[in-house]
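Reader: I would like to go through the helix packing in this model. Can we take it step by step?

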Amino acid sequence: MTEIDAKIDALVPEWLYLPDIAEMLGVEVTRVRQLVKEGQLIAVRRGENRALQVPAAFIDGDKVTKGLSGTLTLLRDDGFSDEEMLEWLFTPDPTLPGTPAQALSENRGTEVKRRAQALAV
């Protein structure tokens, strides 16, 4: 969980509060906090009340977006901070096309993971 800078905040089009995510997933807020703690989601403090929020692209209906957890693990293993992961996931990549986050939500996780693995080389 981290504070967010203006550059990254501008890259992410939509954010969700943890209670809203819990409702979407059909779980308690404590479970969402556990997902953040386990590194399956990234939450940042933003807004006037500095409430924890997660990019909306990380939630697909009633589940975490397919491929997100593995991608976050790859990036974390490459030494990325939460801020760097958000920047990478939400910066357009003309070779995808779109952003890695968008590609994950469109079930193109293999391509995203391939690019994340290439970062380690």
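Predicted model: local features only at pLDDT ≥ 70, side-chain atom pairs only at ≥ 80, totals over all residues.

Reader: How far apart are the end C-alpha atoms of residues 66-120?
Author: The span is 65% helix and 0% strand. Its end C-alpha atoms are separated by 22 Å.

Reader: Are α4 and α5 oblique or roughly parallel to each other?
Author: Helix α4 spans residues 68-77, and helix α5 spans residues 82-90. Their axes come within 10 Å and cross at roughly 125°. Angles of 65 to 115 degrees would count as roughly perpendicular, and those over 145 as roughly antiparallel. The pair is therefore oblique.

Reader: How many residues in the contact of α4 with α5 are nonpolar?
Author: From α4 come Leu68, Thr71, Leu72, Leu75 and Arg76; they meet Asp82, Met85, Trp88 and Leu89 in α5. One of the contact residues is polar and two are charged. The nonpolar ones number six.

Reader: Is the crossing of α4 and α5 left-handed or right-handed?
Author: The crossing in question is the one at roughly 125°. Its hand is right-handed.

Reader: How is α4 oriented to α7?
Author: Helix α7 covers residues 109-119. Its axis lies 9 Å from that of α4, at an angle of about 10°. Angles under 35 degrees count as roughly parallel. So α4 and α7 are roughly parallel.

Reader: Which residues in α7 meet α4?
Author: On the α4 side are Gly70, Thr71, Leu74 and Leu75. The contact has five nonpolar, three polar and one charged residues. The α7 partners are Val112, Lys113, Ala116, Gln117 and Leu119.

Methods: Residues numbered from 1 in each chain as written. Heavy atoms only, no water. Helix = DSSP H or I, 4+ residues; strand = E, 2+ residues; numbered from the N terminus. Axes fitted to C-alpha atoms, helices over the stretch in contact; angles between N-to-C directions. Left-handed = near helix turned anticlockwise from the far one by under 90°. Contact = heavy atoms within 4.5 Å. Nonpolar A, V, L, I, M, F, W, Y, C, P; charged D, E, K, R; others polar.
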